[in-house]
Structures are given as structure tokens and as C-alpha cells.
Amino acid sequence: MATTRDYGPDVYPGDAVGTWNEQEQSAYDSKSQRRAGRSRVDEWMEKDFKFGGSRIKRRAVALILLGAPAIAPLFFMLPATLTLNENTFSVSVDDTLGTGAELCLFLCLLVTPLVTLTGQRWFVPLRRWYGIMMACCAIGDAIAAGLTDTFAGGFFGVVAGHVFELMGFTMVLLVIPLLITGNPWAQRKLGRYWKKLHYLTYVIWGLLFFHLSLLEGFGFQRGSNGSGFPGDGEPIFHQRLYQYSAASLFLLTLRLPPVKRWIAARQSEGRNWVVYATIAPVFLLFVFAMTFIINEEIFKGINSFRETPSAE
Amino acid sequence: MDDFEDAPWESAVRTRPQRRGPTSQTYARRGEDDTRAGKVILVFVGVLSSVLVIAGLIYATGASARSKAAALAAGCELSLFKSGIPCITHQMVMSQYQAIVTPASNQLNADTAAYRANEGHNLVAAEAALTAEVTAEQALDNSLAAAAFTPQNRARAITLITNAMSFGNPVPLAAITFTPQMTVIADALVRDIQALAKLTAEQARSSSLRQLRSFNPSVDVATAAAQSELNLLRTAVAVPPTASQ
């Protein structure tokens, strides 16, 4: 679970916030103003409140509440794991854990754009937590698929026998070093290489596009032609590549340097409302896409939990 | 994994000012250009996103109608339709009705014929026929009740269908319930059959042939009432679903 420790910029090698000189800040950067803006929320989050006989930080409660749903994909598969229900694994593990890994990846990638937009940092520890849960879901998905899928070949034949599965397997291989080094000790030991290593997250994000495009294609189901079986007759909304693309547009746009500079400039002018108004459509598209991904996770997950897996 | 920071972008943002003097005109122009590029990107992405969201919302408002139309085109009973599982077709409901009623009717006809053959001279055989008739009537009642559209039956049906689906099997007959409209008639039929069974059981306890035959008029009335409801149910089952259902 995420700790309440502040993983602020100071602990990251190469995070240059603290090295900027005053002139640069006054000319171009709005960090100080954003920091002043965020500090109010961050400071509010740092305060304690009394709960029972002890005092708890507001931030700890908020982080637990926001982080807890990331356990859901693994929780959904728990009954099938305890009862070794091979049918549930073979039918729906890829949907439950695969979609869960995708969700956790998007939530992990969402943290930085939210820091850019709000200037707040109290939720930054969630990035690690969502990353860890993404890794656990992805590894669990690969192991279960390798053991229970009906494709020909042994474990490696199954997880790497088809190109889309090879993509997925590659993602799992890439996520392993991230999982192993996703802790302060590894961060200290690896020094400046730690950050470079963790750029692999973007490689995984990119590979997911190819994984889904090979799995789903670029079109959507018409009649019996096309992948998937949307029980509600709405194949467009259930096309995973479309969901991925719609959700990624926001995450990618907010990482583009010109966009970040424009946001910083507007924030330095004290016109945050312009930023929010401009970002609103792409954020709505992100929410729209995430709604369907979460819906699928809950639908498939509950069916997996009840061990009546949906082959939809 | 703590810091999935955007270092490539971050470094681009942060190192550029260090290369140029923050007060220089070049830097200022570049700064304007940089924010203009960001604005253009955001406007383009914003317009694209707006179009996609509006199109998605418009498309989503028609989801229910499209779903019904698709289900209807596939011959599905809309009142039994549940998203995510194979639909119950009208043909399947008819099969369920026939599976329940046909063997019961045959059994009841045989029992009635046996009773009619013995009512004048063989009390024991007539009572045995009546007892068999009561058993058949109770079995019919139970079958009709199991096929009624009730929350319990629907939950059981959905579980059976989901299990069948996960194993790639067709929808089992036991998972098919009547529609709500059919259930109203089936409930009335169940009540009529219960009344008939009670009367028949009483008739089967007669101590003489005369007493046995004295029940015939009231049994005939009860049978006619049940037959009437059965005809109504048959008519309801024979009518295929419409879009208004």
C-alpha cells in the first residue's frame, strides 16, 4: 500500500525543480506560484484529525481511499485462485486482470498530468502504488494465461505463440524490473539510472497500443464479424483500442512540452480557469473512455468473483 | 516505480531557459512561440475531443433502441433480455411451454380416460385413476411455477445460462422462463389446477361409486376453468413479441 511519505522532488535525482534560479522562475516558470497554490491543499492534507484514540493524517486516509480500488482486479480473482477454478481463469482472467492492469497503468500515468494541472503533490505516492498493482495484475494475467489458455504449446508457447501475446509477454517482462526497483532503496542504489530505467513505463504504454490493436483490430464488430462479443450490442464502446486511444489522448497531451509550457504560462498569469476550460474536453474524453474500461472491469470482475466467468 | 516522472519532457522544459538568457528577446519570442504551439495543440485536441465526446453521447442515447432492435431482429423475447448473456428467443419459450404442458396433458387425458372407463363399475380402479390425475396435476403446477417470471426463477435462469455460456453449451431448457405477460396467465392456471387437484383428491377418497360420480359436475366445471386458462396461455405463447413489449 502506498505510504504517506512525501516523495517530493528532492528525493529524485535529476528532478531539477530546486535548481532553477530566481530569474528563470520569474521570467518563465510558474512553479513558485503553483507551489503556493498547491501548498494550501497539500498543507490541508498534511494536517491530522482525531480518529478513535489516535491521530491520522488526512492525506493517509485520502491515499488509502484512492488506492484501495486498485486491489479490485486481484480481489475479483481471489475465489477462483483459492478454489483453483481453471474454467474461470481460462475464460476471464485476461479480461479481469488484463483490464485491471490497463486501468492501473492509466491511473499511474494520470498522476503527473494532475500534478501539472493542479500543482498539488499530495497524491504523488499513488503513482508507485498504481504501478505496483499494474505489475501484479500483468504478471498474474501472464501466469494464468500461460497455464490455462487453450492455445497450442507449453507455457511459453501460449504466452508468446501469437504476436499479440508476445507483445503482452514483453510488457510483463518489462514490468518486472520496474516492480523490483519500485522502492526507495533501489532508487538510492540506482541513482540517476533509476529514472532512465523507469522510462520503460512509456515503452509499456506504447506496447499496449500494439497489443490491443493486434487483439482487437482497428475496426469494430459488425454482426458476427470482428473481435469481442458486446452483450449490449454496442461494439464501438467496448472496442478496447478505442478506449485506450481516447484515454491516452489526455495523458499524452498533458505530457507534451509545448502544452506544459502553455499551461505554466497561463498559471503564472493567474488564469487557471483558462487552463481548466481548455483541458475540459480532452479530460471529458478521458473520463468517457475510463467509464467503459471501469465498467468492463466491474462486470467481468464480478462474474469472475462469482466464478461464473463471462466469455463476452 | 515511485516516480514515473516525465523526465524527457521535464528536461526539455527546464534546460531550455538555462541555454538562453531569460531576458533576451530571442527567449521571449521563443517563449511566445512555445506557448502558441501549446495553444494550437490544445485547441486541436480540444476540438477533436469535443467532437468525439458529443458523438459518443449522441450515439449512447440510442443504445437502448439499438439494443432492442437487435434483440428483436434475433427473435429474442425482450422482456427476458439481459445484456451480456445469450437471449431467450420466442421459439425457446414455446419449446418450454410444450415441454411442460404436452406430457402433462397426455397424462391427464390418459388418467381421465381410465376414470371414465371405471367410474361405473370399479371403484378401486377409478380412485387409482383419480389419484394418478392428482399427481399429474400437482406436477404440472410445479412445472408452471418453476417457469414463472419471478425474481428467484430469473436469478436461477441467469446462473444456468451463464454457466452454459462459459462451457460453450446451448441455453438449457430449465433456464427458460415465461414472459411477465405469460406468467400472469400461468399464475391463474396454477390456481385453477390447485383447485381442481383438491377436488379430485377429495373425489378419490369417495367410499362408493355413487359418491364418486356425484363429484363429476363440480370437477367438470373446475376442469373447464383450467382448460380456459390453458387456452389463454397457449394463445399468449403463440403470439411472437413485438417492439412495444
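This report describes cysteines, one threonine and the aromatic rings in a predicted model.

## Basis of the model

Residues are numbered from 1 along each chain as its sequence is written, and chains are lettered from A, with ligands numbered from 1, in the order in which they are written. Because the model is predicted, local features need pLDDT of at least 70 and side-chain atom pairs count only at pLDDT 80 or more, while totals for chains, interfaces and linings use all residues; side-chain values use heavy atoms, with hydrogens and water left out.

A disulfide is a covalent bond between the sulfur atoms of two cysteines. Here it is assigned to a pair of cysteine sulfur atoms within 2.5 Å, and by this rule the count over all chains is 1. The partners are Cys76(B) and Cys87(B), whose sulfur atoms are 1.9 Å apart. The link between Cys76(B) and Cys87(B) is left-handed, with -65 degrees about the S-S bond. Both Cys76(B) and Cys87(B) lie in the loop between α3 (63-73) and α4 (90-118) of chain B, so the pair ties together parts that are 11 residues apart in sequence. Helices in this report are DSSP runs (H or I, at least four residues), numbered from the N terminus.

A residue is called buried under 20% relative accessible area, exposed over 50% and partly exposed in between, using a 1.4 Å probe and protein chains only. Cys76(B) is buried at 2% relative accessibility, and Cys87(B) is buried at 19%.

For Cys137(A), in turn, the closest cysteine sulfur is that of Cys104(A). Cys104(A) is buried, with 2% relative accessibility, and Cys137(A) is buried with 0%.

## Thr200(B) in its helix

Thr200(B) is placed in helix α7 (residues 180-204) of chain B. Is this residue, Thr200(B), buried or exposed? Thr200(B) has a relative accessible area of 0% and is buried. The Thr200(B) side chain reaches the backbone oxygen of Leu196(B) at 2.6 Å.

Contact means heavy atoms within 4.5 Å. When neighbours within four places in sequence are left aside, Thr200(B) is in contact with Leu130(B), Glu133(B), Val134(B) and Glu137(B).

## Aromatic rings in chain A

Rings of Phe, Tyr and Trp (its six-membered ring) pair if their centres lie within 6.5 Å; planes under 30 degrees apart count as stacked, over 60 as edge-to-face and the rest as tilted. Over all chains, the structure holds 14 aromatic pairs. One of them joins Tyr202(A) and Trp205(A) in a tilted arrangement, 6.2 Å centre to centre and with 40 degrees between the planes. Tyr202(A) and Trp205(A) are 3 residues apart in helix α12 (residues 200-216) of chain A, and are therefore separated by about one helical turn. Trp205(A) is buried at 7% relative accessibility.

A further tilted pair consists of Phe250(A) and Phe286(A), with 5.3 Å centre to centre and 40 degrees between the planes. Phe250(A) belongs to helix α14 (residues 240-253) and Phe286(A) to helix α16 (residues 272-305) of chain A, so this pair ties together parts that are 36 residues apart in sequence. Phe250(A) is buried at 0% relative accessible area, and Phe286(A) is buried at 4%. Ring pairs also link Phe106(A), Phe209(A), Phe210(A), Phe218(A) and Tyr244(A) into a cluster.

Note on methods
Helix = DSSP H or I, 4+ residues; strand = E, 2+ residues; numbered from the N terminus. Polar contact = N/O pair within 3.5 Å; in protein donor to acceptor, adjacent residues only side chain to side chain.
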